[in-house]
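Subject: Structure for your files

Dear colleague,

Here is the structure I said I would pass on. My notes follow below it.

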Amino acid sequence: MATFSHMVVALAISVAVLLPTTTIATEYVVGGDSGWTTNFDYQNWAKDKQFYVGDKLVFKYQQGKHDVYKVNASDFASCTVPDPSSGLKSGSDVVTLMAPGKKWYICGVGRHCADLNQKLVINVQGWAPAPAPNSATKYGYQTFMAIVVVVLSIIAIY
Ligand SMILES: *[C@@H]1O[C@H](CO)[C@@H](O)[C@H](O)[C@H]1NC(C)=O
Ligand SMILES: [Cu+2]
């Protein structure tokens, strides 16, 4: 049953290769423990991070004190707040990065954006690479899938 064996191996390899890119997304709490607030350097926070399509940003703040607006480059530069109905205001706003490219976010409360630096710009990449070796969970996953592939291959051969 060589055909069946090959199919099992091919399926196992496909799952191992495809699963990380389709199901493993990173969730970033914007600002880390500081959350979404004033007088925080969000560009410094973002600079060593790689954002990919499917990842999530979580804006955490005390409801009513701040909010979140997705804006374009010019409104980001001038801190122009869009229509209030387009704002996120829950205090724990989850934004899924749906498309590659630059994304701009500002706080629409008072002059938090203009005077207190509450603004974030990120660049979203379209394709997630192989998991970084220093990521314990992803590395563990790869090891696990490698074992699964080997075991399935052995089963398929005998
Ligand atoms: C940016 O967004 C604002 C408000 O939605 C809009 O009026 C403006 O034309 C946009 N600017 C660009 C360059 O797209
Ligand atoms: Cu604010």
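Two strands are taken to pair if DSSP finds at least two bridges between them. Helices (H or I, at least four residues) and strands (E, at least two) are DSSP runs, numbered from the N terminus. This is a predicted model, in which local features need pLDDT of at least 70 and side-chain atom pairs count only at pLDDT 80 or more, while totals for chains, interfaces and linings use all residues. Residues are numbered from 1 along each chain as its sequence is written, and chains are lettered from A and ligands numbered from 1 in the order in which they are written.

Overall fold. The protein has five helices and seven strands, arranged along the sequence as α-β-α-β-β-β-α-β-β-α-β-α. Taking contact to mean C-beta atoms, placed from the backbone, within 7 Å, residues 24 or more positions apart supply 73% of the contacts with a separation of 6 or more.

Sheet. An open sheet of four strands runs in the order S2-S7-S6-S4, with mixed pairing. Its edge strands, S2 (51-52) and S4, each pair on one side only. S6 and S7 are antiparallel to each other and share six bridges. Trp104 stands opposite Val121 in S7.

Lys70. This residue belongs to strand S4. A residue counts as buried with 20 or more other C-beta atoms within 10 Å of its own, exposed with 12 or fewer, and partly exposed in between, with C-beta atoms placed from the backbone. Lys70 is partly exposed because 15 other C-beta atoms lie within 10 Å. Apart from neighbours within four places in sequence, Lys70 contacts Lys103, Trp104 and Tyr105. Its C-alpha atom is separated by 9.8 Å from that of Val121, 51 residues apart along the chain.

Core. Of the 158 residues in the protein, 17% are buried. A nonpolar core is a set of buried Ala, Val, Leu, Ile, Met, Phe, Trp, Tyr and Cys residues joined through C-beta atoms within 7 Å. The largest one has 17 residues, and Trp36, Phe59, Val68, Tyr69 and Ile106 touch the most other members. Strands S3 (56-60), S4 (69-71), S6 (101-106) and S7 (119-125) each give two or more residues to this core. Not counting residues up to four places away in sequence, Phe59 touches Val30, Trp36, Val68, Leu88 and Asp93.

Ligand. Around ligand 1 are Asn72, Ser74, Asp75 and Pro82, where a residue is included if its C-beta atom, placed from the backbone, lies within 6 Å.

Regards

Technical notes
Two residues are in contact if their C-beta atoms, placed from the backbone, lie within 7 Å.
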